[in-house]
Amino acid sequence: MEDLNVRICRALLPKRAPEGHKGTFGRVCVIGGSTGYTGAPVFAAEAATRTGSGLVMLGTSLEAYPVVAGRCDSAMAFPLPNRYQDIVEKLSRCDAALLGPGLGEDLRLRHTVRSLLDDLAMPIVLDADGLNAASAHIDSLKRRTFPTVLTPHEGEFQRLGGDLSEGREAGAARLAAELGCVVVLKGPGTIIAHPEGWLRRNTTGSNALAKGGSGDILGGMILSLIGQGADPFDAASLAVYLHGRCGDMAEEVLTAYGITPTDILRAIPAAIRELLS
């Protein structure tokens, strides 16, 4: 078990090429959002932008699109095409995808997520309802030959087949090995588990982050770092650490009671700056 700290995370931060352009720093896509759940994919996409992605796309349901598009400052929002193959073709231009934020109970979108696990030849981050969509099709996760990062809280972890009876560390390690995925078991002292048995534990953050939208931001940060070329296990570790630092910084000013997801987003550049100093 390795506890994350500034020294470790400084080494994990992707380097910025001095002459790089927007294509250099990764093209990523968030798929999510539905009626009543329009904030989640926007938070994820904004987090990806603030963490360094060059191009961020956001695909959402036709019903949610007008609200989602109106809230996007940086991401390129688009309504998901009706034809599945058109979705695959659009995503094939990306370096990584995040599936699930705000997916809700939309059965078509859930089916799309399950199919994309088989058909996307790129790293995938699964969060929120994307995890729930995959939980009934665990074989799709085991079949993947490209990296997959799962970001469950304890309830989602158990729906994926995880077992906490021997503790969070042992449970995360076992599930990562069984599924062949990086598992980010969220909660106090978030555990990041690699399929080959490596474990990291986070040392930042508090219950100030226990707000709706916080997990969507974490998913977007992991997505961004993978899109910039970071190893998925390292990307998840670094994102979890930075996400916690964002909460710590915001809490110093606003208290744990008053933090909103927007405050977490605004703290991302300062958290990264700490690693650059």
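Biologist: Does Thr-255, at 40% relative accessibility, count as buried, partly exposed or exposed?

Modeller: This is a predicted model, in which local features need pLDDT of at least 70 and side-chain atom pairs count only at pLDDT 80 or more, while totals for chains, interfaces and linings use all residues. Residues are numbered from 1 along each chain as its sequence is written, and side-chain values use heavy atoms, with hydrogens and water left out. Buried means under 20% relative accessible area, exposed means over 50%, and partly exposed lies in between (with a 1.4 Å probe and protein chains only). Thr-255 has a relative accessibility of 40%, so Thr-255 counts as partly exposed.

Biologist: In which helix is Thr-255 found?

Modeller: Helices (H or I, at least four residues) and strands (E, at least two) are DSSP runs, numbered from the N terminus. Thr-255 has a positive phi of about 70 degrees although it is not a glycine, and the helix in which Thr-255 is found is α11.

Biologist: What is the phi of Ala-128, and how is that residue placed?

Modeller: Most residues other than glycine have a negative phi. Ala-128 is found in the loop between β6 and α6, and at 18% relative accessibility it counts as buried. Leaving aside neighbours within four places in sequence, Ala-128 is in contact (heavy atoms within 4.5 Å) with Gly-100, Pro-101 and Glu-156. The phi of Ala-128 is positive, in a residue other than glycine, and is near 50 degrees.

Biologist: How far apart are the end C-alpha atoms of helix α12?

Modeller: The expected span of a helix is 1.5 Å times one less than its number of residues. For the 16 residues of α12 (residues 261-276) this should give 22 Å, which agrees with the end C-alpha atoms being apart by 24 Å.

Biologist: At which residue does α12 have a kink?

Modeller: The bend at a residue is the angle between axes fitted to the seven residues ending there and the seven starting there. In α12 there is a kink of about 35 degrees, shortly before the proline Pro-269, and it lies at Ile-268.

Biologist: Against which helices do the buried residues of α12 pack?

Modeller: The buried residues of α12 include Ile-264, Leu-265, Ile-268 and Ile-272, whereas Thr-262, at 32% relative accessibility, counts as partly exposed. The helices that the buried residues of α12 pack against are α1 (6-12), α2 (39-50), α10 (214-227) and α11 (232-258).

Biologist: At what angle do α2 and α12 pack?

Modeller: Axes are lines fitted to C-alpha atoms, for helices over the stretch in contact, and angles run from 0 to 180 degrees between N-to-C directions. The contact is made by Phe-43, Glu-46, Ala-47 and Arg-50 of α2, and by residues of α12 including Leu-265, Ile-268 and Ile-272. The axes of α2 and α12 are 10 Å apart, and the angle is about 15 degrees.

Biologist: Are α10 and α12 roughly parallel or roughly antiparallel?

Modeller: Angles under 35 degrees count as roughly parallel, over 145 as roughly antiparallel, 65 to 115 as roughly perpendicular and the rest as oblique. The axes of α10 and α12 come within 9 Å and cross at roughly 30 degrees, with Ser-214, Ile-217 and Met-221 of α10 making the contact with Pro-261, Ile-264, Leu-265 and Ile-268 of α12. The two helices α10 and α12 are therefore roughly parallel.

Biologist: How many of the 12 residues of α2 are buried?

Modeller: The 12 residues of α2 should span 16 Å, and its end C-alpha atoms are 16 Å apart, which agrees. Among the buried residues are Pro-41, Val-42 and Phe-43, and the buried residues pack against β2, β3 (55-60), α3 (65-71), β5, α10 and α12. Helix α2 is largely enclosed by the rest of the structure, because the number of its 12 residues that are buried is 10.

Biologist: How far apart in space are Gly-32 and Leu-98?

Modeller: Gly-32 lies in the loop between β2 (27-31) and α2, and at 2% relative accessibility it counts as buried. Gly-32 touches residues including Pro-41, Leu-58 and Pro-101. Gly-32 and Leu-98 are 66 residues apart in sequence, and their distance in space, C-alpha to C-alpha, is 8.4 Å.
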